[in-house]
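Keep the viewer open as you read.

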Amino acid sequence: MKSLLRNKGEFGQRGIAVPGPNSYRGLIRDTLNAMHRTPASAEAREVLLDVILDGSKADRVILSDPNFFRTPATAVRKGQLYPAAARRMRFMAELFPDDDLEIFLAIRNPAALLPILHGKADKKDPDAFWGPHDPLDVRWSETIEDIKEAVPHVPITIWCNEDMPLIWSQIIREMAGFEPHEKVAGGFDLLASIMSKEGMQRFRAYLDGHPDLTEIQKRRVIAAFLDKFALEDEIEEELDMEGWTEELVNEMTDLYDEDVLAIQRIPGVSLITP
């Protein structure tokens with residue numbers, strides 16, 4: 001959100017609104033929850049946008065909420081990631097029936113994500129959390145296929161959380177509907193969080209000395225600087241899940257890589273890669 005808000009002025013001049021999250025997260029959450037009981041009224045869209053945009057006009061509105069698909073407490077049910085995602089996105093499509101919705105979603109290696117979600121789950125018992133499955137069965141592709149079935153007309157853009165520092169500027173451009181060559185602010189915000197201060201200074205100096213680098217070349221440069229200046233504490237993850245072994249984690253990671261390839265083949269889904 002900080003990176004997007006850094007572009008708010010430039011975006012605004014081009015009809016792109018980046019509302020502050022406090023203006024809509026609770027409102028949309030309450031609306032989606034209410035739609036489990038009764039359909040939204042015909043006026044719901046106009047009421048929501050009037051509050052979100054505070055009376056201003058926009059051609060494109062960027063909304064971000066880590067809980068659009070429900071909270072971490074209910075993120076896993078019987079071995080499925082975000083089982084409520086499809087229904088929630090169908091509700092969003094019903095709220096904005098004549099608008100061109102797009103979904104932008106980061107996915108993460110289940111080997112790193114599941115221990116976190118298990119720690120935050122409201123039901124940790126094996127039957128509720130895992131159901132008939134085990135960690136090797138968890139697939140992001142199942143969740144994304146369910147979303148596509150619920151809202152087949154809505155394009156989905158996916159990327160891996162592990163790649164975000166390399167591709168953050170492209171993600172911002174995609175969200176804004178910009179062309180690949182257009183400049184945005186904050187493209188290296190995530191990189192700065194995992195690279196030493198010296199490394200960032202040298203990296204920016206290198207870019208200043210090589211202004212004609214393509215996006216792909218920049219990513220290669222980023223990878224080279226990370227290899228030398230990455231903050232190990234920021235890029236290494238401690239996995240705390242009882243009974244898990246290194247062999248299991250490695251197998252889950254291999255399956256995650258295969259799942260990313262499967263996601264890439266889902267019609268209507270675009271994958272951003274380094």
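Phe 11 sits in helix H2, which spans residues 8-13. Keep in mind as you look that this is a predicted model. With a relative accessible area of 0%, Phe 11 is buried, because anything under 20% counts as such. What surrounds it? Once neighbours within four places in sequence are set aside, Phe 11 is in contact with Leu 4, Ile 16, Val 18, Ile 62, Ile 172, Ala 176 and Phe 178. For a sense of scale, pick Ala 192, which is 181 residues from Phe 11 along the chain: the two C-alpha atoms are separated by 23 Å.

Now zoom out to the whole protein. It contains 14 helices and seven strands. Its radius of gyration is 20 Å, close to the 19 Å that the globule rule gives for 274 residues, so the protein is as compact as a globular protein of that length. Taken along the principal axes, the C-alpha atoms fill a box of roughly 60 × 55 × 30 Å. Buried residues account for 44% of the 274 residues.

The largest nonpolar core has 53 residues, and the members that touch the most others are Leu 81, Ile 107, Leu 114, Trp 140, Ile 144 and Ile 158.

How do two packed helices get described? By the angle between their axes and the distance between the axes. For helix H6 (residues 110-120) and helix H14 (residues 246-264), the axes come within 9 Å and cross at roughly 115°. That angle makes H6 roughly perpendicular to H14. On the H6 side the contact is made by Pro 110, Ala 111 and Leu 114, and on the H14 side by Val 249, Met 252, Thr 253 and Tyr 256. Sorted by class, this contact has six nonpolar residues, one polar residue and no charged ones.

Two threonines deserve a visit as well. Thr 31 belongs to helix H3 (residues 25-34), and at 18% relative accessibility Thr 31 counts as buried. Beyond its neighbours within four places in sequence, Thr 31 is in contact with Leu 48 and Leu 95. Thr 74 lies in the loop between strand S2 (60-61) and strand S3 (76-77). Thr 74 is buried too, with a relative accessible area of 19%. Leaving aside neighbours within four places in sequence, Thr 74 is in contact with Pro 83 and Asp 122.

Finally, a look at the backbone. Most residues other than glycine have a negative phi. Asp 54, however, has a positive phi, near 55°. You will find Asp 54 in the loop between helix H4 (44-53) and S2, and at 70% relative accessibility Asp 54 counts as exposed. Lys 78 also has a positive phi, of about 50°, although it is not a glycine. Lys 78 is in the loop between S3 and strand S4 (80-81), where its relative accessibility of 42% makes Lys 78 partly exposed.

Notes
Residues numbered from 1 in each chain as written. Predicted model: local features only at pLDDT ≥ 70, side-chain atom pairs only at ≥ 80, totals over all residues. Heavy atoms only, no water. Core = buried A, V, L, I, M, F, W, Y, C linked by side-chain atoms within 4.5 Å. Buried < 20%, exposed > 50% of the residue type's maximum accessible area, 1.4 Å probe, protein only. Helix = DSSP H or I, 4+ residues; strand = E, 2+ residues; numbered from the N terminus. Contact = heavy atoms within 4.5 Å. Axes fitted to C-alpha atoms, helices over the stretch in contact; angles between N-to-C directions. Parallel < 35°, antiparallel > 145°, perpendicular 65-115°, else oblique. Nonpolar A, V, L, I, M, F, W, Y, C, P; charged D, E, K, R; others polar. Rg over C-alpha atoms; globule rule 2.2 N^0.38 Å.
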